[in-house]
Each structure stands twice: as C-alpha cells, then as structure tokens.
Amino acid sequence: MKIGVISLGCPKNLVDSEIMLGLIKKNEWGITNNPAEADIIIINTCGFIASAKEESVNTILQMAEYKKSGPCKYLLVTGCLGQRYADELFVDLPEVDAIIGTECYDVIGDVIKRVTAGERFILITPPKAYTQETKRVLTTPAHFAYLKIAEGCDNCCSYCAIPQIRGPYRSRPYEEIIEEAKTLVTQGVKELILVAQDTTRYGEEYYGTLRLPELLRDLNEIENLKWIRILYCYPQYFTEELIVTMAECEKICKYIDIPLQHASDSLLSSMNRYDTKANVEQLLARIMNKIPNICLRTTFIVGFPGETREQFKELKEFVAKEKFNCAGVFTYSQEEGTVAGAMENQIPEPIKNERYHELMALQAEISEEIQQSRESSIVEVVIEGFDEDNPDLAIGRSTWEAPDIDGKVFVENAKNLQIGDFIKVKILQGFTYEIVGEPV
C-alpha cells in the first residue's frame, strides 16, 4: 500500500506532516510523492485565512479526482482546516473518508487502519501536552530541517483564529528538543530552523521561565551544526538576554523574523497586540546596537477594521524610518469567530489592495537599497539548486535568507559546486529580492 502526503501552509504544518510520514514508515507502508500512484492520499491543510482555506479546499477536490481515475481508494484530511470545519467538510465532501484534527497526528496509523476497514469518521480530540517522539521523515533538502519547539498560542490577536484551532501555548520538553536536534545533525542537517506560533515565549508556561536563550546556547554547542535560525519571534518576549545570546553565539544566524503587524498604537490595541510603537522602536534600537549586521524581517497587516488613512500613513513613516531588510505585507482577512471579524468599519477590498501595493512599493525601494549596499561584501552561502537553463549558475541562500519566504543568492561560475555546499561568495550586484555573486 502506497501513501502520499500533501502538506499545505506553514513550516509548523510541515513538521506535522513529517511526523505522519514517520509513523507511516514505522508501519512499513510505502510512501510516494506522486498522488497518481497513491492508494491513500493525506492532505494536511491550512485554515488560517481565506486564501489558505480556498487552496486547501481546491487541493482536496483535485486529489478526490484520483479516487475516480487512479488507484486511490481513501482520502484523508488533516490539519487546521479539518480541525476548524470538520462537520461542514464531512457533509460537503463525501469523497473524504476521514477528517482528523491537529491533536491526532500521532494516531495516523490507527486512522489509516480504520478507513481501510471501511469506517468513515471525524476524529477531533482536546489539546494535550506537546511532545514529539516519532522520528520524522524529512521532506526538506538534506542540509536543513525545521525544529518545532512549541504548539498552540495564547496571544489571542483579535484577527487570528489560531488559538481556537491549535489550542493554548504548550512548550515542548527541553531535553526532547535537544535530542532531536542532535539526531538531525547526525543525519546530515547543517541548519536548524526553530519554529512555533511564538518562539520567544518558549518555556514560560511549562518551566515558569523563558528558556529560548538557554536553548539556543545549548544548540550552539552541537558539533557539525552550522546555522541556527529562529522564526516567529514576537516582540513582547524578546528579552535583553535573547539579544545578547544571538550576538554571542556564532552559529545563530544574524536574522530576526519579528511580526509587528502595525505601527499605530490604537490599531495595535484593537488587534489585541501587547506592543506599542515606542516599545517596538526601543527594542529594534537595542537589537541593532548589539547586533549591527542583523537582517530584520517583519510582517504588516493593512486594511484592518477601522484603519484610517492617517494610521496607514503612520505605518508607512515607521517602515521608512526603521528600514527593514524584508517585510511581508498582508491585506486583512475577515475571519469568522474572531473578535476583529465582528468589528464594524470593515475596510473595502479596493482600499486594502491599494494600501498593500503602496506599502510594498515603499518596502521594495528599501530592500533594493539594502541589497545594493551589500555589494563587494563576502557572505557565506548554502547551495540549494541550479538554474535549469544554465548549470553554471547555482541558487542558494545566505544567513540573511530563510527558505521559501526570502529572496535567493545566485552564484555564477558554480559548475564544481554541489547542493548542500557552504561556500564563501563575493556579492557582485544586489537587486530588490535577490543578489548575484561568485565564489571566492
């Protein structure tokens, strides 16, 4: 029996998919990347915002076609969409044989046995302590892996349904994280990317203290590990100890992904964010003071309910002042069951889109200026592939680029390089999202 797993959404969801693949392998079932060959197709869905939900439903419908034309006999839906809309999906999509929630990945083997025995069912269970003892089957390139350090979220931002979907914040046991990190490195992983809904909060509710700095220092001691990258660093728990740790540990990428969402204090309050613009400005100044060559990435929401032109102008002025290396801009998505979804003064889509393009244009100018300032400098780059039309042109990332969300480094004269190589590159030219260089 061959089983295929399709993973949608964020890296945290990808880790869940890799856990399921590990359990499939443990049960000695076959794994295939080709849905046309699969007897069972599992779709690990995203249900965060409207566009993600639409992608998930479309993928389910596409995979359902293989039940008509291919060997596929069973279709399983897991993940956030399944957790959030299990009853509706069960009725509306009779092609689906089982829907399981975000707390049930560890029993995927039993789920498969039940559907192959003829059952059709929903399996949703309450949140439990987050532990991950299953050996994953990695789906990332061999040189990097995501390391999930917590599950759930307690921040309860007014626009976000994640606490309803994933449950409260639960830190993973410290020793378990270290053990998995060491195992991954022995398998050849050179870059570990820490993920959670809020990585900076790690340890607070489990140990009564914030343990991310300690965790980073212990990871920094692992032999043969080259890079440690941290995503989803919320500003509220970004302590001075964490800044010092990032400055002192040579394996930690000088890269911070810090979602800020806006710069208007009144809107931040409406979003139920715990920050003020002044606090954020002070934090960014402390970070830049301790780590001058840091890459700052953030995200912003435009078109949040009630956002005025003046508040949007304040956001633009903030972005122009702080000069982030990278900024993702999202138009507000009205989500049912959230506080913001029921707010009055919803912003019309044309205005949201106009503000999106306006802020993105500003950020593009800033990013290009920063990229051009890197010209003639030497950076370390990991090679991840080659141009299809020019095998002498390699494609990689430096410490300033995270997989999938940031730009690329194009390396010329690369015919002797291999995927997974870490090399020194001189930057020849910087563009808005990419840079071009050559080996030194």
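User: How many bridges join strand 15 to strand 16, and do they run parallel or antiparallel?

Analyst: Five bridges join strand 15 to strand 16 (residues 394-398), and the two strands run antiparallel. Strands pair if DSSP finds at least two bridges between them. Strands (E, at least two residues) and helices (H or I, at least four) are DSSP runs, numbered from the N terminus. The model is a predicted one, in which local features need pLDDT of at least 70 and side-chain atom pairs count only at pLDDT 80 or more, while totals for chains, interfaces and linings use all residues. Residues are numbered from 1 along each chain as its sequence is written, and side-chain values use heavy atoms, with hydrogens and water left out.

User: Which residues stand opposite Val381 in strand 18 and in strand 16?

Analyst: Ile423 stands opposite Val381 in strand 18, and Ser398 is the bridge partner of Val381 in strand 16. Strand 15 (residues 378-386) is joined to strand 18 (residues 422-430) by five bridges, and these strands run antiparallel.

User: What makes helix 10 roughly parallel to helix 11?

Analyst: The axes of helix 10 (residues 212-220) and helix 11 (residues 240-248) cross at roughly 15° and come within 9 Å. Axes are lines fitted to C-alpha atoms, for helices over the stretch in contact, and angles run from 0 to 180 degrees between N-to-C directions. Angles under 35 degrees count as roughly parallel, over 145 as roughly antiparallel, 65 to 115 as roughly perpendicular and the rest as oblique. Helix 10 is therefore roughly parallel to helix 11.

User: Why is Tyr159 with Phe304 called an edge-to-face pair?

Analyst: The structure holds eight aromatic pairs. One of them, Tyr159 with Phe304, has 6.4 Å centre to centre and 85° between the planes, and is edge-to-face. Rings of Phe, Tyr and Trp (its six-membered ring) pair if their centres lie within 6.5 Å, and planes under 30 degrees apart count as stacked, over 60 as edge-to-face and the rest as tilted. Tyr159 lies in the loop between strand 8 (150-151) and helix 7 (162-166), and Phe304 in the loop between strand 13 (295-302) and helix 14 (309-322), so the pair ties together parts 145 residues apart in sequence.
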